[in-house]
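Student: I'd like to go through the labels on this model and see what backs each one up. Can we start with the aromatic rings?

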Amino acid sequence: MADKNERSWAEPYKIKMVEPVRMISREEREKAIKEAGYNTFLLRSRDVYIDLLTDSGTSAMSDRQWAGMMMGDEAYAGSDNFYHLEEAIQKYYGYEHVVPTHQGRGAEHMISQLMIDEGDFVPGNMYFTTTKLHQELAGGTFVDVIIDEAHDPENEHPFKANVDLNKLEDLIKDKGADKIPYVSIATSVNMAGGQPISLGNLKKVRKLTNKYDIPIIHDMTRVAENAYFIKQREEGYEDTPIKEIVKEICSLTDGATMSAKKDALVNIGGFLALNDEELFRKAQNMVVVYEGLHTYGGMAGRDMEALAIGITESVDEDHIRARVGQVQYLGENLLDMGVPVVRPIGSHGVFLNAKKILPHLSQDELPAQTLAAELYLDAGIRSMERGVVSAGRNPETGKHNYPELELVRLTIPRRVYTQAHMDVVAESVDAVYQQREDITGLAFDYEPEYLRFFQSRFKKLK
């Protein structure tokens, strides 16, 4: 997709149904963002023209998935759709046991409560907001062991989600293996810009964790996208089918949490997958308390059927090539315009480098949150802050966490927008970039206790 000398390509599907969108006036957008407290999460979707807030639950389902919805077995216990889902997970991911949940957060909650004790340390290849919070609520402390290159948006390392093995082993030796309940490994690391981990690195992590008898729990929400990058960038995998790479990734881990609203192309749903039968039995018992019976968790039968079909479609070569290709297309356009973005371009979105775009704003002036608001004002494009607001506060000191990366994520839903939409987005980003020196920052006006980026409200600084 990156070689502009190649022939043009098109999405591997045709449009069967459309949803109208509208562009409201600049005056209306100014009113809308002010009423939302300059938080794009608090905008009404009817006031958004191109919605790049998230790829979570926003993708378009296929005709096969919609047909599957009509085959929903809504029996309270033993739904046929659960067994179809279980079979798909075992076939494409290789995990033995499945506990369905309403979405990924339900799986994160269960694995954290089941495996983490007070005072434990959970190493991982960069934090994710909800995952880290669940680990903390269970009494653990997240420790970042990702390679240093991941914190540099301009570094071109092809696998910026790789684990620094020295950091990981130093932590194990310092805290003791008995204080490490598991290593948390994400594929296509979100907060790093949708960056992949290599199979070579994951194999080394597996060897190290085996040495200390520590499990690996896989955040697999975008595993197929990670597999695509392995096929493109890692020697020896050029001719390996995506579905085989996906299964090999999963085979190097002991269990997984899955927000199926991303890779698996459904609007709601998730699961916890495990190989350890004893741990599975505990999770099976726990899901009844927090989600629903073990054969539906928090999902309807029809949603489990759509998910089973979505898993199959997610590893289709044409689909994943076009999905990641559309993200690359937007990213390359922005690079051509001179806009600072995270490089290499990631799998599920283009991440704008707000520190570079708004260098006159300190992190206390919330440059990424400010930039997201400005993009909405310019053309009705909704994006997401991934910087100091998302990083939250230190639970001990109460002070802001200041991440190296201060980013705005332009997240591309799967099978929703056309290349023309991407052109509109690129032109809007460029327009904002051209008048960047005139942009003033934001300050907190309201801040909730947990996951503040969802519900905080902000005010303009003079």
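This is a predicted model: local features need pLDDT of at least 70, side-chain atom pairs count only at pLDDT 80 or more; totals for chains, interfaces and linings use all residues.

Student: Why is the pair of Phe 453 and Phe 454 called tilted?

Tutor: Their ring centres are 4.2 Å apart, and the cut-off for a pair is within 6.5 Å. The planes meet at 40°; under 30 degrees would be stacked and over 60 edge-to-face, so this pair is tilted.

Student: What makes Phe 453 buried or exposed?

Tutor: Its relative accessibility is 2%, and buried means under 20%, so Phe 453 counts as buried. Phe 454 has 23%, which falls between 20% and the 50% needed for exposed, so Phe 454 is partly exposed.

Student: How do you know that a charge sits over the ring of Phe 453?

Tutor: The charged end of Arg 386 is 4.7 Å from the ring centre, and the distance limit is within 6 Å. The ring of Tyr 433 has the charged end of Arg 436 over it, 3.9 Å from the centre.

Student: What is the strand order in the open sheet of three strands?

Tutor: The order is β9-β12-β11, with antiparallel pairing.

Student: Why do β9 and β11 count as edges?

Tutor: β9 (349-353) and β11 (384-386) each have a single partner strand, so one side of each has no neighbour in the sheet.

Student: What makes β9 and β12 a pair?

Tutor: Pairing takes at least two bridges, and five join β9 to β12 (residues 407-411). Within that pair, Leu 352 stands opposite Val 408.

Key
Residues are numbered from 1 along each chain as its sequence is written. Side-chain values use heavy atoms; hydrogens and water are left out. Helices (H or I, at least four residues) and strands (E, at least two) are DSSP runs, numbered from the N terminus. Rings of Phe, Tyr and Trp (its six-membered ring) pair if their centres lie within 6.5 Å; planes under 30 degrees apart count as stacked, over 60 as edge-to-face and the rest as tilted. Buried means under 20% relative accessible area, exposed over 50%, partly exposed in between (1.4 Å probe, protein chains only). A charge sits over a ring if NZ of Lys or CZ of Arg is within 6 Å of the ring centre and within 35 degrees of the ring normal.
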